[in-house]
Amino acid sequence: MDLNLLPLEIQEAHAAFPVALAACDELDALNRLKGAYTGREGSHAARLMDLLKTAPKEQKRDLGAVINGLKQAWEEGLKSRQAELEAARKQVAGLAAHWDAELPRPLPARGALHPLTRVMDRLVDVFRPLGYHVEEGPEVETEAHNFDGLNIPEDHPARGSADTFYLNAHPGLLLRTHTSPVQVRALKRLAPEITARGGIRFLAPGRVYRKDEIDPTHSPMFHQVEGMLVGHDIGLHHLKGTLAYAMKALFGPGAEVRFRPSYFPFVEPGCEMDVRCPLCGGAGCRVCKGSGWVEILGAGLVHPNVLAFAGIDPAEWSGFAFGMGVERMAMMLSQTPDLRLFFENDQRFLAAMGGLD
Amino acid sequence: MRYHLRALRLELPALAEIPLVEVCELLPSLGFPVDGVEARETDPILDVDVTANRGDAQSHRGLARDLSARLGAALAPLSHTALAEGEALFPIRLEADACPIYATAILELGSVQATPEEAVGLLGAMGANAKQLAAVDASNELLHRYGHPTHAFDADTLKGALIVRWGREGERLVGLDGVERKLTAEDLVIADEAGPVALAGVMGGDATKVTASTRRVLLESAYFDPRVVRRMAHRHGLHTDASHRFGRGADPAMAPVARDLLAARLMAWAGARLVGAWTAGALPGVRPAVELAPGLLNRIAGEAIPLEEAELWLTRLGCQVARSGEGLQVQPPTWRHDLAIPEDLAEEVLRLRGFDRLGSALPPLEGPPQPLESGYLQRRRVAARLAQLGFFQTVTYGFVDPEEPPLGDEAAGRILANPLGQEYSLMRGTLLRSLRATALANLAQGAREVRLFEIAPTHRATPAGPEESWTVGLLWAGQAGGEDPLSPVRSLAPEEGRAFLLGVLEDLGAVAQPVPVAEDGPLGWMVELPLAALPAHSERIIPPFRPFSRFPRVERDLSLLVDLAQGYRELADAMAASLRACAGSAFQDLRCVDVFRHKSLPTGRQAWLMRMRFQALDRTLTGEDVDAWVAAALEAARAHGAERRA
């Protein structure tokens with residue numbers, strides 16, 4: 001088909017046709033386009049027919065073929081677009097005129113991150129500006145990483161099969177009981193470059209397992225976020241300052257914390273941190289058992305044995321570590337009454353927990 | 001552990017001036033959280049959490065000792081008269097290092113025994129009933145008050161000699177609880193010449209116990225190695241008051257003292273007459289002193305703590321403190337096994353001083369922040385994207401029931417030795433079963449549409465143990481629409497659910513084959529794939545610029561008749577290849593936008609409406625250009641048996 005036989009404006013009109021066609025989103029507009037291209041009078045097609053009439057005899061055959069081709073293309077296009085628009089119109093036929101915009105409208109599909117993910121993500125985001133990166137380790141761990149490297153003696157009760165899940169075919173393997181073995185792995189891996197890096201600071205979020213029966217406050221699988229910092233001249237005041245900052249970021253600027261001495265084999269000194277009960281504000285309630293405080297994490301200065309075990313000189317380097325229960329924090333942040341809800345995955349709960357309020 | 005406030009006040013008289021509320025604040029600040037208070041208004045009993053390292057605080061005097069150090073108030077003097085020791089009246093042989101000292105005495109009991117009210121009250125508060133056997137009640141009362149376990153044998157049941165030795169295979173012992181236990185060479189036993197009469201530091205034997213008809217008692221007040229006692233208690237599943245205290249480290253120096261206190265009680269409560277007292281073995285040697293350098297203390301505190309202050313606190317704890325060069329040379333008291341390194345001493349100073357007095361500061365950055373690991377970022381991006389696409393993230397247990405489908409050899413390496421139950425015994429190799437269970441539960445709860453995803457490790461057994469790989473699983477089931485007047489409710493056509501999941505995967509940049517949620521259950525599809533199969537996280541912030549055309553775009557539809565069995569990918573690839581060959585960069589896109597099946601079509605054929613889009617970077621395309629390209633595409637389609645639909 002030699003379009004060059006046609007006047008330039010017809011050529012341009014043909015090139016513009018598909019775009020103009022697609023732009024018609026109502027039948028009225030389509031009818032106007034139809035009039036302009038294939039209408040009886042004044043249309044491109046009418047002009048072409050005039051052209052054909054006046055064309056020299058020897059050109060009529062070729063020109064006729066071109067014109068027929070064009071008209072057919074236009075008509076086909078118009079017809080299929082008309083069918084589309086009519087189908088669409090049929091669906092809302094008669095509805096548009098008196099449609100109340102307050103009627104329920106189709107909403108974009110809404111999903112949500114799991115609340116435990118949201119809490120862990122937030123913790124990472126809170127610690128990012130302090131220079132913490134993320135370290136992770138496997139759920140199936142060795143006794144060496146889960147216990148030995150953390151200064152937990154061989155006859156410690158936590159190592160018993162009443163508290164820790166072991167693998168049947170692999171006596172030395174267990175399901176990690178805390179995220180602290182990530183400390184051992186990360187320290188060992190990063191020890192050679194500790195000076196070049198200017199210390200070590202990381203967060204280790206993850207799933208852990210303990211042999212607890214399932215009830216409103218216990219689950220055999222739960223989540224922890226471990227934090228660790230190793231640097232020069234690190235003291236308890238640094239631990240306090242860091243955690244106070246983090247708790248304000250999580251619970252709001254009014255968050256109040258207190259530190260109590262405690263004991264974990266892999267830190268010395270060891271402590272626990274309480275936050276002022278977010279439910280009752282300290283007046284005493286069921287959640288804080290009337291004390292006004294809720295225990296939220298265990299922490300301490302890294303035991304020199306743990307550093308030495310990883311090949312880091314405790315005479316030069318010191319640090320702190322902390323570990324918190326994600327479910328507990330999520331329960332406090334959301335006032336979710338039962339830990340099992342996090343693992344039931346009822347979509348109504350997940351949808352509500354995905355909300356911003 | 002339970003503490004009777006009245007008994008605490010007996011040990012530390014200054015406590016009488018301090019209201020209960022303040023005691024409940026004081027104890028946590030020393031590291032002893034108060035879990036609850038019973039009989040608050042009348043005769044309070046405190047439930048206090050004592051950490052495993054503080055065996056010494058597991059008695060009223062022990063806890064009072066810490067309070068006394070904090071308050072600077074004196075403990076009540078120990079009303080203790082040392083017995084005059086003499087000849088051994090009965091042979092006692094210590095044959096195991098695990099028992100360095102064994103203080104004993106033999107007493108003849110009087111005819112009337114009466115446990116005083118005060119002791120009965122303390123035992124009651126501890127949840128124990130007074131037995132009205134002086135030797136038993138006094139031993140218990142001593143345990144709760146002073147923390148040192150003692151035992152009394154009926155002296156007339158012992159044969160020949162008492163030997164502290166390792167057990168022998170095949171030996172048996174019936175304990176005070178009436179249960180017979182098999183002993184091993186790892187059990188430390190007290191034996192007479194006929195065999196074991198007690199599990200050292202754990203439980204006495206039934207045959208030699210004190211009864212109402214006992215006339216003469218032999219007292220035992222010894223020290224046993226905590227590790228040995230812990231292992232025995234664990235092995236026999238016997239967690240007694242005695243094993244709890246010995247297992248956390250008793251005070252060896254208390255061995256003779258507790259013997260004296262027990263004897264004094266028997267004399268007072270049962271009119272007993274001392275026959276003789278003596279001690280086998282000796283106190284273990286003094287542990288090495290610990291140096292506390294001011295640099296370490298100040299580093300841990302974050303401020304300069306005057307050495308005099310450190311000295312004061314440590315002395316109050318019962319340490320012997322001497323100046324040594326710049327720092328302190330500290331000899332911890334015999335009851336504090338946990339004070340072994342300088343950090344332990346620093347903790348004691350700061351603990352007594354109060355953690356609330358510590359400063360608060362952010363540690364300075366010593367190096368540049370490290371980037372986040374790409375696997376972590378990838379997971380976060382995928383999760384966020386799936387949530388945006390309308391999926392709900394689930395978190396389910398990593399262990400599942402191995403029963404269905406039947407367990408193959410491979411899975412044997414993923415089985416737990418001691419699961420909570422059969423349904424939690426296999427480290428899962430797939431997320432699909434968990435997703436399906438969650439979906440079915442949601443549908444059963446009345447959910448109309450379920451859109452779920454989970455991102456978690458799955459496990460595969462290898463000779464070295466289960467190997468982990470991060471996996472993402474997706475599920476879509478139920479029916480769509482029906483929540484507003486513009487979206488009529490419709491069940492998902494089978495091809496639609498599958499295509500939807502494939503589309504989501506395509507959005508994530510991956511390919512995998514969805515499977516039905518259930519063969520005969522509700523309609524739905526699910527799919528899983530390793531995170532490694534998804535595009536890795538890119539550090540690139542925005543992609544490089546690619547020029548695009550500002551000339552008009554031309555769209556052409558071509559309706560093709562193809563076999564019902566025709567593969568789309570094959571046909572589309574062939575057409576696209578020919579379009580690329582002739583149109584070059586002006587060819588932009590080819591896709592099927594409609595599938596038409598109708599009896600009006602030739603048998604075995606369907607119609608695919610193929611839409612092509614063209615746009616040149618440098619000019620407006622002419623109808624001629626496009627006609628030629630479409631013709632070429634049709635040619636390519638014909639080679640695959642397609643024809644133009646008339």
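## Salt bridges

Let's start with a pair in chain B: Asp177(B) and Arg181(B) join their side chains in a salt bridge, 2.7 Å from N to O. The term salt bridge stands for a side-chain nitrogen of Lys or Arg within 4 Å of a carboxyl oxygen of Asp or Glu. Asp177(B) has 36% relative accessibility, so it counts as partly exposed, whereas Arg181(B), at 12%, counts as buried. (Buried is under 20% relative accessible area, exposed is over 50%, and partly exposed is in between, using a 1.4 Å probe and protein chains only.) Salt bridges with shared partners also tie Arg54(B), Asp56(B), Asp66(B), Arg336(B), Asp338(B), Glu348(B) and Arg351(B) into one network.

This is a predicted model, so local features need pLDDT of at least 70 and side-chain atom pairs count only at pLDDT 80 or more, while totals for chains, interfaces and linings use all residues. Residues are numbered from 1 along each chain as its sequence is written, chains are lettered from A and ligands numbered from 1 in the order in which they are written, and side-chain values use heavy atoms, with hydrogens and water left out.

Across all chains, the search turns up 63 salt bridges. One of them joins Arg189(A) to Glu135(A), with the closest N and O atoms 2.8 Å apart. This pair links distant parts of the chain, 54 residues apart: Arg189(A) sits in helix α7 (residues 181–190) of chain A, and Glu135(A) in the loop between β1 (133–134) and β2 (140–142) of chain A. Helices (H or I, at least four residues) and strands (E, at least two) are DSSP runs, numbered from the N terminus. Arg189(A) is partly exposed at 48% relative accessibility, but Glu135(A) is buried at 5%.

Now try Glu272(A) and Arg260(A), whose closest N and O atoms are 3.0 Å apart in a salt bridge. Glu272(A) belongs to strand β7 (residues 267–276) of chain A and Arg260(A) to strand β6 (residues 257–262) of chain A, twelve residues apart. Both Glu272(A) and Arg260(A) are buried.

## Rings that meet

There are 21 aromatic pairs over all chains. Rings of Phe, Tyr and Trp (its six-membered ring) pair if their centres lie within 6.5 Å; planes under 30 degrees apart are stacked, over 60 edge-to-face, and the rest tilted. Phe342(A) and Phe349(A) are an edge-to-face pair, 5.7 Å centre to centre with 70 degrees between the planes. Phe342(A) is buried at 0% relative accessibility, and Phe349(A) is buried at 12%.

Over in chain B, Phe224(B) and Phe246(B) have ring centres 5.1 Å apart and planes at 75 degrees, so this pair is edge-to-face. Phe224(B) is buried at 0%, and Phe246(B) is buried at 2%. There's also one aromatic cluster made of Phe165(A), Tyr209(A), Phe343(A), Tyr397(B), Phe399(B) and Tyr424(B).

## A sheet in chain B

Chain B has an open sheet of five strands, in the order β4-β7-β10-β11-β12, with mixed pairing. (Two strands pair if DSSP finds at least two bridges between them.) The edges are β4 (92–94) and β12 (203–204) of chain B, each pairing on one side only.

Which way do β7 and β10 of chain B pair? Strand β7 (residues 162–166) and strand β10 (residues 188–192) of chain B are antiparallel, over four bridges. Opposite Ile163(B) you'll find Ala191(B) in β10(B).
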